Structure formats: C-alpha cells, structure tokens
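Please open the structure in your viewer and keep the selection panel at hand. This tour goes from one selection to the next and says what is to be found at each stop.

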Amino acid sequence: MSELMPIQLRALGAADVNAVLRIQAQCYGDGFVEPREVFARRLQGVGHCSWAAEQGGELVAYLAAYWSRPGAITPLNGDFADYADASVLYLHDMAVSSVAAGQGLAQRLVQAVKTQARARGVQRTALVSVQGSQLYWERQGYKADSVTNAAQQQHLASYGEGALYMVGII
C-alpha cells in the first residue's frame, strides 16, 4: 500500500469487525485477540466512541473506546458498559497494522477521540496498559493508578501479568 495515499479517520463501525480482528491477529498474541461477537456488540453500544483509520479503502488502524466512569475496567473479552453518568473516556484497545506502522496513526487516533471527549466536557481518560506498553502511555501523559475495588482488580487481572490501570488528563 502506498504511503502517499491519504489516511482518513472515521467512526469505527460493525462492518469493520473482520478488519479489526485481522489487525489484532497481526499485533497481539492469541491471548489478546477478542471474539468477533464481543467486538461486534461493543460497536453496537450507545457508549462507544471508537475510531478507524482507513487508507485506500482498507482499515489500517483502530481505537476502540467508550464513555466510562473513574476506576471502571472492562475485562478482556468483556462488553463495554453503558453509563448515563460517564465522566471518563476509556481507551480499551488500539492497534496499527504493519502496513501503516510509523505514520503516527496511534497519536492521531488518540487525539481524535480526545477532541471528542473535550467537546463533551470529559477531562479524564483511562486505559489498561498491556504487553509492555507502559512507557508509550507514560510518554502520552498517562500515570499508573492503583485499583482498590476487588471486582475491578479481577478485571485488570484478566489482562495478565504486568497489566496496569493508567489515567490521564485530556
């Protein structure tokens, strides 16, 4: 795919699930590829605010996000919750395919969803850092935060050893 082709950002939708799973398989180990039906349900929820990056008609990166509450962690393979009183932007999953790596797409996707959050008056964001991504997220302004609620600790544990709950200011 030519790097000269423009990359467009748009809302991530249910028609993108197959491409999302392809990118997940490329970027993650088997333990982090989530089931098709779970991802499809997430994109049908009213609280999702997920983004896609498309180049030449092909999905090359995505950011699955939703409106949440402080301290609420979606477990691996879990559905996004719908919160009427959401005050946090939760970044659940982001991946960039190998054909688009190195083009700054992760940063563009995060900025797009943060712009959406600011428009809603949301000033905090949260995520779970996995697979050694802590330093990346720290460079983006995130800090590890303690998880004291037992149920949320279990959700965090679903991501395996080294997973960290991190928060940031928009």
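## Cysteines and ground rules

Begin by selecting C27, which counts as partly exposed at 32% relative accessibility, where buried means under 20% relative accessible area, exposed over 50% and partly exposed in between, calculated with a 1.4 Å probe on protein chains only. Then select C49, which is buried at 3% relative accessibility. How many disulfides does a search of the whole structure find? The search finds zero, a disulfide being a pair of cysteine sulfur atoms within 2.5 Å.

Please keep in mind that this is a predicted model, in which local features need pLDDT of at least 70 and side-chain atom pairs count only at pLDDT 80 or more, while totals for chains, interfaces and linings use all residues. Residues are numbered from 1 along each chain as its sequence is written, and side-chain values use heavy atoms, with hydrogens and water left out.

## The sheet

Now switch to a cartoon view and find the open sheet, in which seven strands follow the order 1-2-3-4-5-7-6 with mixed pairing. Strands (E, at least two residues) and helices (H or I, at least four residues) are DSSP runs numbered from the N terminus, and two strands pair if DSSP finds at least two bridges between them. Strand 1 (7–11) and strand 6 (143–144) stand at the edges with a single partner strand each, so one side of each has no neighbour in the sheet.

Helix 1 (residues 17–27) is the next selection: this helix packs on the sheet, touches strand 3 and strand 4 (88–96), and has a direction at about 95 degrees to that of strand 3. Contact here means heavy atoms within 4.5 Å, and the angles run from 0 to 180 degrees between N-to-C directions, with axes as lines fitted to C-alpha atoms, for helices over the stretch in contact.

Select strand 2 next, where four of the five residues are buried. Strand 2 pairs with strand 1 in the antiparallel sense over five bridges, and the strand 2 bridge partner of L9 is A53. Strand 2 (residues 51–55) also runs antiparallel to strand 3 (residues 58–68), to which five bridges join it; A53 stands opposite A61 in strand 3, and A52 stands opposite Y62 in strand 3. The hairpin of strand 2 and strand 3 has two residues between the strands, and G56 in this hairpin takes a positive phi near 60 degrees.

From G56, move to M5, which is in contact with Q55 and G56 when neighbours within four places in sequence are left aside. M5 lies in the segment before strand 1 and is partly exposed, with a relative accessible area of 37%.

## Helix 3

Select helix 3 (residues 105–120), which lies across strand 1, strand 2, strand 3, strand 4, strand 5 (124–129) and strand 7 (164–169) and runs at about 35 degrees to strand 3. Helix 3 has 16 residues and reaches 23 Å from its first C-alpha to its last, close to the 22 Å expected at 1.5 Å a residue, the expected span being 1.5 Å times one less than the number of residues. To see which residues of helix 3 are buried, colour L105, A106, L109, V110, A112, V113, K114 and A117. Just after helix 3, G121 takes a positive phi of about 85 degrees.

## The nonpolar cores

A nonpolar core is a set of buried Ala, Val, Leu, Ile, Met, Phe, Trp, Tyr and Cys residues joined through side-chain atoms within 4.5 Å. In the largest core, of 30 residues, V128, Y159 and Y165 touch the most other members, and helix 1 gives the most to this core, with five residues. Show V128 with the residues it touches, among them I73, Y90, L91 and L156, not counting residues up to four places away in sequence. A second, separate core of 26 residues includes I7, L63, A100 and A112.

## Two loop residues

Most residues other than glycine have a negative phi. Select N77, in the loop between strand 3 and strand 4, which is not a glycine and yet has a positive phi of about 70 degrees; N77 counts as partly exposed at 37% relative accessibility. Finish at Q131, in the loop between strand 5 and helix 4 (134–139), where phi is near 50 degrees, again a positive value in a residue other than glycine. Q131 is partly exposed, with a relative accessible area of 47%.
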